[in-house]
Amino acid sequence: MTTATLTPSAAPIVHEKVIVRSLKVPIILDVFAIAALVFAFGIPRRGQSSFRLSTSTDFFQIPTVVLPTVATVVTVAILLVVVAILTHLLVAFSSRGRSPLWLSAVFTVLFLFLFLTWAGADLRGIPIPGLLVGGLALATPLVFGSLGGVLGERAGVVNVAIDGQLLFGAFSAALVGSATHSPWAGLVAAIVAGVLVSWVLAVFALRYWVDQVIVGVVLNVLVGGLTNFFYTKVFAQVPSLNHTTKFDTIDIPGLSQIPIIGPVFFQHTIIIYIMYIAVFVVWYALFKTRWGLRVRSVGEHPQAADTVGINVNRTRFWTVTVAGAVAGIGGAFYTLDSVSKFDKDITQGAGFIALAAVIFGQWHPIKAALAGLLFGFAENLQSTLGIIGSPVPSEFLLMLPYVVTIVAVAGLVGQSRAPAADGTPYIKS
Amino acid sequence: MTDVGTGSAGGAEPIHSQSSKLDTIEPGQQPNARRDPEAPFGNNLLREIMSGGAVLTVLAIVLALVVAAVLIAATDSGVQAAAGYFFARPSDLFVAVWNAVSGAYVSLFQGSIWNFQRTGFLVQIAPLMSTLTFATPLIAAGLGVALAFRVGMFNIGGRGQLIIGAAVAGWIAWSFPMPPVIAFLVATIGGLVGGALWGAIAGVLKATTGAHEVIVTIMLNYVAFYLVAYGLRTQGLLQAHGSNSPVSPGDLPNATYPKLSDLITALGGPATSYTVNIGFLLSIVATVAVWYLFSRSSTGFRFRAVGENPRAARTAGINVKWVYTLAMIFSGALVGLAGADQVLGTTTTGFNSGVDAGIGFSAITVALLGRSRPWGVFFSGLLFGALQAGGYTMQALQQIPIDIVDVIQSVVVLFIAAPPLVRAVFRLPKPGSTRRVRRTPAAVAEGNVK
């Protein structure tokens, strides 16, 4: 640090090529591979597992796949062990010193498949498209929320109020959407609501230097109290103000007819398509544009950013504003896509899972979105397994996002490093 | 709105102990500072929480009541009707607003302190006793959060610690027949231990891996919730025997906290409906204990030293990591006491997974309003207990949803946390400023920012 400041030319970017060979990813894969072996050999479930791959309304009908449970579980468990060993080798010998993200993703999908096969033995067929569609639906607010969280934290503003933004977004979308009978107006209202919550956060955090976690926690209570208050005072009295016109489902021509993938990803409302785009746009904006570089510099080293002429607090303010807008869209999903009315505490703490996704996704928009998808899928898995009857108590699946986040934040798995100036106000000297 | 973030923050607060802030915050001085378990901003946070006088507190409460009054008036049907013909007869609107707001706050008073509509002292004072009942767990949990604050930590895990504490206390209370007094004391200790264990997880993780306690405690809230939810629907764990619903068995009679009304009748007094119980005495004991800890004990001195400046504390030979762990254990234990209050004092006939009743989060606001001082927490717990008790009366008599209490609490804390904002609203001088300083352009600008 001192040498860098003394001789600026001696610190070119090339010097950053330090290969960190972290064993954290392989170790966690080991743990899951061992769990898979336990499922395969320790507590085997005999019989057959069937997967229903298409719904009755699909363009292409695919017959139900029936797999012998034991053989499938054993095969996949061995595959998982192979992948785990592969990551060990990649970390030890590859030039980048780490295994690619897609390998972890493949591992996760394989493990979920193994778990489903194991849990679904001798039950009615597991509806795969339904499982995925439901997971995507539950994941949508999480993805929007986590994108908002990533934006804020990359700029150095911790946003614990994601839940408040989702809740207020859902509420405003319901109110305005019902009053105008236009889902688009509701969507705009949700964006405005998210931005308003962001602005309160910004005023207290940036203007008055109040601890951001305090403001976030208090904002959640405030929004919860306000929406509950108005729910009882307004929505319960005038039900017509709480009955939205939902967005119509749009089938993407061509793509929506692909088996499995089509119904799962391309037969949705506009909000889900906005989500696909938003993930990419946030990633591109943060990592490929000048604006993104500024945002990240403000979050990592605000003093340096200030020195080169970036207005730290203005950048933070606008980033938090955008983050609020994104989270607000996530809130609109509840009342303009999922159900057509607002309910008390409709988010059920989704904002905190989104916060977990931010951390588990290592403050990276795409990874955070994937984490949100995983958490949403886990949540839907428990309800599906609950319906078809499963050996695993649903509470433990619901606990999963929180446990993995604790494991992640404790640094046991992967790198968990927040932006350096995350949560600290910038006070110009 | 944009000028909020345009760097006016630096200029607007020229006297705000700038030099000391620079010492502690070091914005971006060390890019890897976050790896350090000690967040330097914690010190500043502590100073913010603990500074500020009684005037500021009172003004914050007044502002919150004004905000709530606006909400109450805006959603009142009488006001809305009068607003419809405002230009015809404007006085009607003001009368309607007055009726709505005064009706609400009178019933708030009536439900929390003194019921003037009844006769007889013992009946009139009943709302105050109800306030004490509501305040009991708030004080205990608030003390827990405040204790962590004083050590520079943010315990948002009140909900989880309370749920686990309640589960342990309840399990002891219905499982083990014991003689009177001993039964509820043992169950209470069980609650303390349960909360302490749950708090210890965050403390140990912070001490050993540097995991930020805010994230860990938030996540542990949900883990605790689902853990107890699982226990409550599983025979042999927490579910009442032979029950189909997720409810625990009721406490054994000896394990419940004796109520004041029982005491009065035992002494030959008239029958009353006072629900305030021995738990309130335990909360007072806890307040004294926390006061003793911080003001008279060497452990408390170490706690405060770490809270003020962890690096200096380490230089002075204090085992900072152990202090973090121990503080979270103490903090969790106090929240666990609130859990025991809930199970042994309030819902003694079996609890469900909603046993927390929002106390875990309210505790944060209680601690902040009490400025993390033991007696401050005690009185802010009483205030919020009064709001709870009065809120139910307000809901019953004026059809104003109890959720308004959440709004009041959070607005109070927002204003408490930002003293400059309250000063700006009431155009108060900044502390330490003189008439001459007030005329500087920056100070004038701040007056306009409001």
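Reader: In which helix of chain B does Val58(B) lie?
Author: This is a predicted model, in which local features need pLDDT of at least 70 and side-chain atom pairs count only at pLDDT 80 or more, while totals for chains, interfaces and linings use all residues. Residues are numbered from 1 along each chain as its sequence is written, chains are lettered from A and ligands numbered from 1 in the order in which they are written, and side-chain values use heavy atoms, leaving out hydrogens and water. Helices are DSSP runs (H or I, at least four residues) numbered from the N terminus. In chain B, the helix that holds Val58(B) is α4.

Reader: What is the relative accessible area of Val58(B)?
Author: Residues are called buried under 20% relative accessible area, exposed over 50% and partly exposed in between (1.4 Å probe, protein chains only). Val58(B) is partly exposed because its relative accessible area is 48%.

Reader: Which helix gives the most to the nonpolar patch on the surface?
Author: The patch consists of Val55(B), Val58(B), Val62(B), Val66(B), Val70(B), Val425(B), Phe426(B) and Leu428(B), with about 620 Å² of accessible area together. Two helices of chain B, α4 (54-74) and α20 (419-426), each supply at least two of its residues. With 5 residues, the one that gives the most is α4(B).

Reader: Why does Gly111(B) count as buried?
Author: Gly111(B) is found in helix α6 of chain B, which covers residues 90-112. Gly111(B) counts as buried because its relative accessibility is 7%.

Reader: Which residues does Gly111(B) touch, not counting residues up to four places away in sequence?
Author: Touching, or contact, means heavy atoms within 4.5 Å. Ile125(B) lies 14 residues from Gly111(B) in sequence and 9.8 Å away in space, C-alpha to C-alpha. The residues that Gly111(B) touches are Pro127(B), Ala389(B), Gly390(B) and Thr393(B).

Reader: Which residue has its backbone oxygen 3.1 Å from a polar atom of the side chain of Ser261(B)?
Author: Ser261(B) belongs to helix α12 (residues 260-266) of chain B and is buried, with a relative accessible area of 9%. Beyond its neighbours within four places in sequence, Ser261(B) is in contact with Thr272(B) and Tyr274(B). The backbone oxygen that lies 3.1 Å from the polar side-chain atom of Ser261(B) is that of Tyr274(B).

Reader: With which residues is Thr140(A) in contact, leaving aside its neighbours within four places in sequence?
Author: In chain A, helix α5 (residues 128-154) contains Thr140(A). Thr140(A) is buried, its relative accessible area being 0%. Its contacts are Ile271(A), Ile272(A), Met275(A) and Phe333(A).

Conventions:
Patches are made of residues with over 30% relative accessible area and no salt bridge: like charges are joined within 9 Å, nonpolar side chains (Val, Leu, Ile, Met, Phe, Trp, Tyr) within 5 Å. Accessible areas come from the Shrake-Rupley method with a 1.4 Å probe; for residues, only the protein chains shown count as cover. A salt bridge is a side-chain nitrogen of Lys or Arg within 4 Å of a carboxyl oxygen of Asp or Glu. A polar contact is a pair of N or O atoms within 3.5 Å; within protein, one must be able to donate a hydrogen and the other to accept it, and residues adjacent in sequence count only if both atoms are side-chain atoms.
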